[in-house]
Amino acid sequence: MPKIRRSRKQPPDGWELIEPTLEELEQKMREAETEPHEGKRINESLWPIFKIHHQKSRYIYDLFYRRKAISRELYEYCLKEKIADGNLIAKWKKSGYENLCCLRCIQTRDTNFGTNCICRVPKSKLEEGRVVECVHCGCRGCSG
């Protein structure tokens, strides 16, 4: 199984605890990248990649901020090595963005009317029975 790409710098203590999970997610990422995309829209072929990227970042975030299972040194190492997305984690720490699926959903330049993505609209504000699916990442509602 291929290793997670890292710099030559030795990882901090505790790396051996999170490495198996990160390797498993990296393997899923490789499978998602090589998956055939015939018959799918351009954006649909990227949805599994966004989902796995979110899972990796959420895993590191939960270990550091919620469970306090890893050290700050290991957390910063994961951010520096781009194992987790620092910008996405920074948004998760802010009120109202705890369940954000990807950064593209809050970028107003990617929409026609300069607003957020449809998945950011609270379910109570949408009509009953309407299935919402984000164009960018396939999320079905990250507003909570």
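**Close-up views of a predicted model**

**View A. Lys68 follows the end of a helix.** Just after helix 2, Lys68 takes a positive phi of about 50°, where a helix is a DSSP run of H or I with at least four residues, numbered from the N terminus. The structure is a predicted model, in which local features need pLDDT of at least 70 and side-chain atom pairs count only at pLDDT 80 or more, while totals for chains, interfaces and linings use all residues. Residues are numbered from 1 along each chain as its sequence is written, and side-chain values use heavy atoms, with hydrogens and water left out. Lys68 belongs to the loop between helix 2 and helix 3, and it has this positive phi although it is not a glycine. With a relative accessible area of 63%, Lys68 is exposed, a word that here means over 50%, whereas buried means under 20% and partly exposed lies in between (1.4 Å probe, protein chains only).

**View B. Lys82 also has a positive phi, of about 60°.** Lys82 is found in the loop between helix 3 and helix 4, and it is not a glycine either. Its relative accessible area is 64%, so Lys82 counts as exposed.

**View C. Helix 2 has a buried set of residues that packs against other helices.** Its 20 residues should span 28 Å at 1.5 Å a residue, and the end C-alpha atoms are 26 Å apart, which agrees; the expected span is 1.5 Å times one less than the number of residues. Among the buried residues of helix 2 are Trp47, Ile52, Tyr59, Ile60, Leu63 and Phe64, together with the charged residues Lys56 and Arg58. The buried residues of this helix pack against helix 1, helix 3 and helix 4, where contact means heavy atoms within 4.5 Å.

**View D. The largest nonpolar core has 29 residues.** Such a core is a set of buried Ala, Val, Leu, Ile, Met, Phe, Trp, Tyr and Cys residues joined through side-chain atoms within 4.5 Å. In soluble globular proteins, nonpolar side chains tend to be buried together. The residues with the most contacts inside this core are Trp15, Ile18, Ile60, Ile70, Cys101, Cys105 and Cys119. Helix 1 (15-34), helix 2 (47-66), helix 3 (72-80) and helix 4 (86-92) each supply at least two residues of the core, and helix 2 gives the most, with five. The core draws at least three residues from each of domain 1 and domain 2. Leaving out residues up to four places away in sequence, Ile60 touches Ile18, Leu22, Ile70, Tyr75, Cys78 and Ala84.

**View E. The chain is divided into domain 1 (13-92) and domain 2 (95-143).** These bounds come from an automatic or database domain assignment. The C-alpha centres of the domains lie 21 Å apart, and ten residues of domain 1 are in contact with 15 residues of domain 2.

**View F. Arg58 is buried yet has no salt bridge.** Arg58 is found in helix 2, and the nearest side chain of opposite charge, that of Asp62, is 4.1 Å away. A salt bridge is a side-chain nitrogen of Lys or Arg within 4 Å of a carboxyl oxygen of Asp or Glu; for charge, Lys and Arg count as positive and Asp and Glu as negative, while His and the chain ends are not counted. Leaving aside its neighbours within four places in sequence, Arg58 is in contact with Arg66, Trp92, Glu98 and Asn99.

**View G. Asp62 and Arg66 form a salt bridge.** The closest N and O atoms of this pair are 3.5 Å apart. Both residues lie in helix 2, four residues apart, about one turn of the helix. Asp62 is partly exposed, at 21% relative accessibility, whereas Arg66 is exposed, at 52%.

View H. The side chains of Glu44 and Arg41 meet at 2.9 Å, N to O, and Glu44, at 25% relative accessibility, counts as partly exposed. Glu133 is joined to Arg140 by a salt bridge whose closest N and O atoms are 3.2 Å apart. In this pair, Glu133 is partly exposed, with a relative accessible area of 32%, and Arg140 is exposed, with 52%. Glu26, Arg30 and Lys56 are linked in a network of salt bridges.
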